[in-house]
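Here is a short briefing to read alongside the model. Take a look at the sequence and the structure first, then work through the points below.

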Amino acid sequence: MTESQSGGLSQPAVTLSTAQKTVQVALGARSYDILIGTGLIDGAGKAIAALGDGMRVAVITDETVARLHLDPLMAGLADAGIAAVSLVLPAGEKTKSFEALMQVVDHVLAARLERGDAVVALGGGVIGDLSGFAAGIVRRGMRFIQVPTSLLAQVDSSVGGKTGINTSHGKNLVGVFHQPDLVIADTKVLDTLSDREFRAGYAEVAKYGLIDRPDFFAWLEANWRGIFSGGPERAEAIAVSCRAKAEVVAADEREAGRRALLNLGHTFGHALEAATQYDGQRLVHGEGVAIGMVLAHEFSSHMNLASRDDAARVQRHLAEVGLPTRLGDIAGALPPTDVLLDHIAQDKKVRRGALTFILTHGIGQAFIADDVPGAEVHRFLEERRSP
Ligand SMILES: NC(=O)c1ccc[n+]([C@@H]2O[C@H](COP(=O)([O-])OP(=O)(O)OC[C@H]3O[C@@H](n4cnc5c(N)ncnc54)[C@H](O)[C@@H]3O)[C@@H](O)[C@H]2O)c1
Ligand SMILES: O=C(O)C(=O)C[C@@H](O)[C@H](O)[C@H](O)COP(=O)(O)O
Ligand SMILES: [Zn+2]
């Protein structure tokens with residue numbers, strides 16, 4: 001097994017403030033801002049209008065989000081003089097499909113939107129990944145704006161330009177890198193998110209601490225209640241997460257190296273999502289990541305790379321906030337370990353058939369491990385499944 005790229009970043013202090021925050025993703029001519037604050041959806045039309053004169057947009061959303069948050073966005077767009085059409089799709093992971101992609105593409109083309117017009121994703125990561133993919137391929141690339149409405153989308157999926165859909169062969173296997181022109185994260189809309197989906201998004205927040213910000217992880221252990229109850233800690237955790245992701249994306253936009261660290265917990269997690277057929281009743285993405293991050297820490301300990309205590313600390317914190325952390329926490333039977341390994345072998349980090357995992361030397365010390373022996377992963381998973 002070989003080790004490359006570790007995080008090794010300095011530790012910015014976490015400071016609390018309720019003011020609107022802006023985080024920039026520095027990508028030269030394609031740089032963009034992430035606006036974070038309460039009530040931003042009402043002014044989103046103005047912010048979008050500032051991107052260019054005469055822009056028209058197609059807003060893509062899902063049924064749940066449309067019921068709660070589409071009207072104010074459409075009203076703001078109209079007030080700002082932006083002509084807009086909207087498309088409402090079913091909520092849930094199964095919407096990241098070829099069928100839904102065709103619907104979005106058809107909708108945008110039927111509205112005769114041009115390259116300089118924009119696709120606006122109003123929703124969670126499912127809508128963001130799907131709409132971003134459509135924006136990346138229609139007319140070989142249209143403008144794209146993210147209005148993330150789930151915690152997960154505000155801290156992770158709306159930033160960085162990974163877009164795509166799932167196929168029967170696995171998770172996110174078809175897609176393109178296509179950066180947004182603007183991200184508008186209205187923290188007020190999180191008040192309508194279910195507890196389960198909020199927790200799922202929190203897994204990706206904790207991920208940034210576990211990759212290379214041990215002080216942030218310790219701060220989360222002490223302050224998670226404020227994040228869940230909507231205190232000033234919530235916007236701060238979102239901003240710290242966006243800064244962490246923006247920094248990695250700016251350094252390695254297309255995952256030639258270091259960006260793979262953002263995949264901590266995902267090699268196991270994506271396999272579990274595929275193994276449960278993207279059935280959101282059994283497992284949603286953030287929950288798969290939570291279980292996957294615990295497995296990644298435990299596997300690191302199994303390989304004598306990290307202490308058992310750190311793995312136990314990660315498991316304790318994620319369980320404390322109410323996330324699943326064990327294979328046995330997933331309702332219903334899982335397929336045999338061979339099948340899980342087959343899913344892992346479809347991971348996009350695989351090189352010449354060899355498995356790559358994000359492993360760790362401890363909390364905040366993640367690294368990219370190439371050539372991880374499949375037999376060892378198999379043995380480890382068999383152990384984790386036995387009662
Ligand atoms: N592109 C990336 O970098 C990236 C990063 C992380 C995750 N992802 C992808 O994101 C997806 C998961 O995103 P998600 O967790 O947001 O799932 P999601 O989009 O399915 O949203 C979760 C649920 O919450 C509902 N919802 C969203 N906002 C709401 C609100 N404000 N009020 C009430 N309900 C609301 C949705 O309707 C949905 O039912 C996965 O497909 C994952 O692969 C992508
Ligand atoms: O932005 C990234 O890079 C990530 O890995 C973020 C992940 O949280 C996200 O789930 C991403 O979609 C996974 O990427 P994939 O390349 O493994 O599909
Ligand atoms: Zn993720």
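**The ligand and its surroundings**

Around ligand 1 there are 27 residues, and Asp-62, Gly-125, Thr-149, Ser-150 and Thr-192 come nearest; a residue is near if one of its heavy atoms lies within 4 Å of the molecule. This is a predicted model, in which local features need pLDDT of at least 70, side-chain atom pairs count only at pLDDT 80 or more, and totals for chains, interfaces and linings use all residues. Residues are numbered from 1 along each chain as its sequence is written, chains are lettered from A and ligands numbered from 1 in the order in which they are written, and side-chain values use heavy atoms, leaving out hydrogens and water.

**Atoms that meet the ligand**

- An oxygen atom of ligand 1 lies 2.8 Å from a polar side-chain atom of Lys-96.
- The side chain of Thr-149 has an N or O atom 2.7 Å from a nitrogen atom of ligand 1.
- The protein buries 92% of the 860 Å² that ligand 1 exposes when taken alone (Shrake-Rupley method, 1.4 Å probe).

**Who makes up the shell**

- Helix H2 (63-79) is one of the elements that supply at least two residues each, and H2 gives the largest share, four residues; helices are DSSP runs of H or I with at least four residues.

**How confident is the model?**

- The protein chain has a mean pLDDT of 96, and 97% of its residues reach 70 or more; pLDDT is the predictor's confidence in each residue, from 0 to 100.
- The model's scores are ipTM 0.99 and pTM 0.97.

Methods:
A polar contact is a pair of N or O atoms within 3.5 Å; within protein, one must be able to donate a hydrogen and the other to accept it, and residues adjacent in sequence count only if both atoms are side-chain atoms.
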